[in-house]
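Trainee: I would like to learn how to read helix packing and aromatic pairs. Could we work through an example?

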Amino acid sequence: MANIKVMSAGAVQAMVTALGCEFEPTSGHTLSLNFGTAGALRERFKGGEIPDLLVLSASIMDALDKDAAFVPGSRTDLGRTVTGVAVKEGAPAPDISTPEAFKQALLNAKSVAYTDPKAGGSSGTFFASVLEKLGIADAVAKKAVLGKRGYEVAESIAAGEAEIGTTFISEILTVKGVRVVGPLPGALHNVNTYTAAIPAASSSRDAAAALLRALTNPAHAARWTAAGLEPAFPVR
């Protein structure tokens, strides 16, 4: 039996962990789970660290695949999640119905939480571009509460350290005491697909393929949806 090393972006951590824990006793394999920002994991992979299964945003996987980094045919989309807006449970919901309303909500808030773009997270990099587009990057930076990972953003809101925040809905849902107001409105709407693949240098290809089949079992589709991730694999 193999020890399967997984390197995965945090947006799908909840489901990779839950299904992985169920996979271990039924398969006899063990898992070594490593979660982080998509950017940080990309650099670790490019630096020579080889997992048996890599799960990153589709755009990053596209770039890596140009170097024939993966076992042919192993690339599989897992789930899609959207960037959402969150507030503390029980707090009034701000108006985010339009980009202009969302802009005003950010300006009105005393503090705004999001992932640090320098940490390499997809949601933080995207949100930085949104702030630039809205023309309020400097104003928000003065009251920013930055987290390295999306769940840290949600935790800061739950703790009352930030009044409003944004990250992937799949990460917001993992933290108690926070509620999702909704997705980013209009042209700001952002969807990210997370893709898995078996690196060509993996020493446990068959075991990793078995894990990938477990993650994309159509029977689990409703659980992916409940976790804030639209299944990106066939569900029938």
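Predicted model: local features only at pLDDT ≥ 70, side-chain atom pairs only at ≥ 80, totals over all residues.

Trainee: Which residues of α1 and α9 make the contact?

Mentor: From α1 they are M15, V16, L19 and F23, and from α9 A207, A210, L211, A214 and L215. By class, this contact of α1 with α9 has nine nonpolar residues, no polar ones and no charged ones.

Trainee: How many aromatic pairs are found in the whole structure?

Mentor: An aromatic pair is described by the distance between ring centres and the angle between ring planes. A search of the whole structure gives five pairs. For F45 and F70 the centres are 6.0 Å apart and the planes are at 20°, so this pair is stacked. F45 belongs to helix α2 (residues 38-46) and F70 to the loop between α3 (58-65) and β4, so the pair ties together parts 25 residues apart in sequence. Both F45 and F70 are buried.

Trainee: Are the rings of W224 and F233 stacked or edge-to-face?

Mentor: They are edge-to-face, because their planes are at 75°, with the centres 6.0 Å apart; the cut-off for this class is over 60 degrees. W224 is buried at a relative accessible area of 0%, and F233 is buried at 5%.

Trainee: Which residues form an aromatic cluster?

Mentor: F102, Y114 and F127 form one.

Conventions. Residues numbered from 1 in each chain as written. Heavy atoms only, no water. Contact = heavy atoms within 4.5 Å. Helix = DSSP H or I, 4+ residues; strand = E, 2+ residues; numbered from the N terminus. Nonpolar A, V, L, I, M, F, W, Y, C, P; charged D, E, K, R; others polar. Phe/Tyr/Trp six-rings, centres within 6.5 Å; stacked < 30°, edge-to-face > 60°. Buried < 20%, exposed > 50% of the residue type's maximum accessible area, 1.4 Å probe, protein only.
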